[in-house]
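This report is written for someone meeting the structure for the first time. Please look over the sequence and the model before reading on.

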Amino acid sequence: MGDALSTYFEARATAKSYSRVNASLPMGSREGHTPSAVGTNAALALAKLCYEMLLTDGAKAKVASDSNVVTQALENIVETNILLSGLGFESGGLAAAHAIHNGLTVLEGTHHYFHGEKVSFGTIAQLVLENAPTEELHEVMDFCLAVGLPVCLADIGVETIT
């Protein structure tokens with residue numbers, strides 16, 4: 001869920017900045033064979049639905065998963081993590097959350113943490129960088145706490161930075 005959490009916020013940032021998205025890379029845009037792709041309204045809508053589904057069913061799905069029980073909430077989050085997040089990121093774009101993840105990977109303390117854990121922390125950092133409304137930042141942090149995702153550097157193994 002940590003990786004999926006970034007989908008909406010990165011797609012929103014990409015849309016606001018008129019940046020290019022990943023969808024054209026397999027078709028040869030990097031090599032100059034095709035023009036770069038831009039995000040679509042559909043991708044942004046799917047990314048927003050991804051976030052809404054995480055808020056609606058994420059905590060319930062975590063309880064179900066921890067209990068080894070398949071519930072509708074868990075099924076919804078599997079769909080959210082794979083389909084909505086996948087389409088939302090490919091055609092919606094990436095932003096600071098994943099760039100911050102990439103930077104965190106050089107810190108040895110983070111090596112034992114999952115990609116999604118570092119990306120979810122990057123999402124919080126992205127919202128701070130964007131000066132997002134306090135209510136939105138708190139909503140994201142509350143979600144992270146509810147499902148066991150990190151909200152500070154110590155939560156991903158970074159005790160000190162030199």
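Are F9 and Y51 buried or exposed? Both F9 and Y51 are buried, and the sections below set these two residues in their surroundings within what is a predicted model.

## Aromatic residues

The count of aromatic pairs in this model comes to three. In one of them, Y8 and Y51 are stacked, with 6.0 Å from centre to centre and 15° between the planes. This pair links distant parts of the chain, since Y8 belongs to helix 1 and Y51 to helix 2, and the two residues are 43 residues apart. Y8 and Y51 are both buried.

Y51 also pairs with F9, and here the ring centres are 4.9 Å apart while the planes stand at 70°, so this pair is edge-to-face, an angle over 60 degrees being what that term requires. Because F9 lies in helix 1 and Y51 in helix 2, the pair ties together parts of the chain that are 42 residues apart in sequence. Taken together, Y8, F9 and Y51 form one aromatic cluster.

## Helix 2 and helix 3

Two packed helices are described by the angle between their axes and by the distance between those axes. Helix 2, which covers residues 41-66, packs with helix 3, which covers residues 72-92, at an angle of about 150°, and their axes are 8 Å apart. Angles over 145 degrees count as roughly antiparallel, and helix 2 and helix 3 are therefore roughly antiparallel to each other.

The crossing in which helix 2 passes helix 3 is left-handed. Sorted by class, the residues in the contact of helix 2 with helix 3 comprise 14 nonpolar, nine polar and two charged ones.

## Helix 1 and helix 4

Helix 1, made up of residues 2-17, packs with helix 4, made up of residues 96-104, at an angle of about 135°, with the two axes 8 Å apart. This angle makes helix 1 oblique to helix 4.

Which residues make the contact between these two helices? On the side of helix 1 they are D3, S6 and E10, and on the side of helix 4 they are A96, A97 and H98. By class, the contact of helix 1 with helix 4 has two nonpolar, two polar and two charged residues.

Methods
Residues are numbered from 1 along each chain as its sequence is written. This is a predicted model: local features need pLDDT of at least 70, side-chain atom pairs count only at pLDDT 80 or more; totals for chains, interfaces and linings use all residues. Side-chain values use heavy atoms; hydrogens and water are left out. Axes are lines fitted to C-alpha atoms, for helices over the stretch in contact, and angles run from 0 to 180 degrees between N-to-C directions. Helices (H or I, at least four residues) and strands (E, at least two) are DSSP runs, numbered from the N terminus. Angles under 35 degrees count as roughly parallel, over 145 as roughly antiparallel, 65 to 115 as roughly perpendicular and the rest as oblique. A crossing is left-handed if the near helix is turned anticlockwise from the far one by less than a right angle, and right-handed if clockwise. Ala, Val, Leu, Ile, Met, Phe, Trp, Tyr, Cys and Pro count as nonpolar, Asp, Glu, Lys and Arg as charged, and the others, Gly among them, as polar. Contact means heavy atoms within 4.5 Å. Rings of Phe, Tyr and Trp (its six-membered ring) pair if their centres lie within 6.5 Å; planes under 30 degrees apart count as stacked, over 60 as edge-to-face and the rest as tilted. Buried means under 20% relative accessible area, exposed over 50%, partly exposed in between (1.4 Å probe, protein chains only).
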